[in-house]
Amino acid sequence: MNVTICSRKAAEELLRTDALSRTAVISFCDPPSTDRPAPTPPDYTGAAARVFTVAVRDLDLSVLPDVGLTYDTYLLEADALAAFIYQARADGLDILCQCEYGQSRSAACAAAILEHFDGTGISIFADYRYYPNQVVYHKIIDALTRHGLNEQHHAKKL
């Protein structure tokens, strides 16, 4: 399973090709706010094998209380995202993590996936092109760990 990080602009260029036919896309975008509408994520319909869109702001842990959030209420989709990632892996798909600039949320997601499955997530943190969002990273890696433990528990029952 290849895990790739890209920006919205790079994703839109990929959409002009057939490069995503065996790819599961995780697309991060900002949610709507009172002062501006939410940006529309790229339309992967018919191009990607499957898509999981996450509308979550790129926030640090210290800022969450300022916007009425906690670690527990931020990125509520984490468990569903972990199931999506596990299914993509089981189906032999590559994963493309995409956010607006391809540096923070998507990098954090890719780092969590690589760390969970291969123990190589540090490679994303060590790459000067990326600034992985710590909250996104921890929410996803926690969810992947829970999902993996649940799968192991379910397999033992069978």
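The model is predicted, so local features are given only at pLDDT of at least 70 and side-chain atom pairs only at pLDDT 80 or more, while totals for chains, interfaces and linings use all residues. Residues are numbered from 1 along each chain as its sequence is written, and side-chain values use heavy atoms, with hydrogens and water left out. The protein chain comprises five helices and four strands, where helices (H or I, at least four residues) and strands (E, at least two) are DSSP runs numbered from the N terminus.

**Overall fold and dimensions**

- Read from the N terminus, the elements of the protein chain follow the order β-α-β-β-α-β-α-α-α.
- The radius of gyration of the protein chain is 15 Å, which agrees with the value near 15 Å for a compact globule of 158 residues; this radius is taken over C-alpha atoms, and the globule rule is 2.2 Å times the number of residues to the power 0.38.
- Along the principal axes, the C-alpha atoms of the protein chain occupy a box of roughly 50 × 40 × 30 Å.
- Of the contacts in the protein chain with a separation of 6 or more, 78% join residues 24 or more positions apart; contact means heavy atoms within 4.5 Å.

**Surface and charge**

- Buried residues account for 43% of the 158 residues in the protein chain; buried means under 20% relative accessible area, exposed over 50%, and partly exposed in between (1.4 Å probe, protein chains only).
- The protein chain has an accessible surface of about 8700 Å², and carbon and sulfur atoms contribute 51% of it; the areas come from the Shrake-Rupley method with a 1.4 Å probe, and for residues only the protein chains shown count as cover.
- There are 14 positive and 20 negative side chains in the protein chain, with the centres of the two sets 3 Å apart.
- In this count Lys and Arg are positive and Asp and Glu negative, without His and the chain ends, and each charge is placed at NZ of Lys, CZ of Arg, CG of Asp or CD of Glu.

**Nonpolar cores**

- The largest nonpolar core has 41 residues, of which I26, F28, L81, I85, I113 and I140 touch the most other members; such a core is a set of buried Ala, Val, Leu, Ile, Met, Phe, Trp, Tyr and Cys residues joined through side-chain atoms within 4.5 Å.
- Two or more residues of this core come from each of β1 (3-7), β2 (23-29), β3 (50-55), α2 (78-90), β4 (94-99), α3 (105-118) and α5 (134-157).
- Helix α3 supplies the largest share of this core, nine residues.
- Another core, of seven residues, lies apart from the largest one and includes L20, Y44, A48 and L96.
- Beyond residues up to four places away in sequence, I113 touches M1, V3, I26, I85, I95, C97, D118 and L144.

**Residues of strand β2**

- T23 lies in strand β2 and counts as buried because its relative accessibility is 6%.
- Apart from neighbours within four places in sequence, T23 contacts A48, A49, R50, L93, D94, I95 and L96.
- A24 also lies in strand β2 and is buried, with a relative accessible area of 0%.
- With neighbours within four places set aside, the contacts of A24 are R50, F84, A88, L93, D94, I95 and L96.
- A24 and P41 are separated by 17 residues in sequence and by 15 Å between C-alpha atoms.

- L14 belongs to helix α1 (residues 8-14) and is partly exposed, at 27% relative accessible area.
- L14 and A48 are 34 residues apart in sequence, and their C-alpha atoms are 10.0 Å apart.
- I141 is located in helix α5 and counts as buried at 13% relative accessibility.
- I141 touches A112, E115 and H116, residues up to four places away in sequence being excluded.

**The loop between β3 and α2**

- L61 is placed in the loop between β3 and α2 and is exposed, with a relative accessible area of 52%.
- L61 touches Y71 and V135, not counting residues up to four places away in sequence.
- L61 and N133 lie 72 residues apart in sequence and 9.3 Å apart from C-alpha to C-alpha.
- L75 is found in the loop between β3 and α2 and is buried, at 4% relative accessible area.
- Most residues other than glycine have a negative phi, whereas L75, not a glycine, has a positive phi of about 55°.
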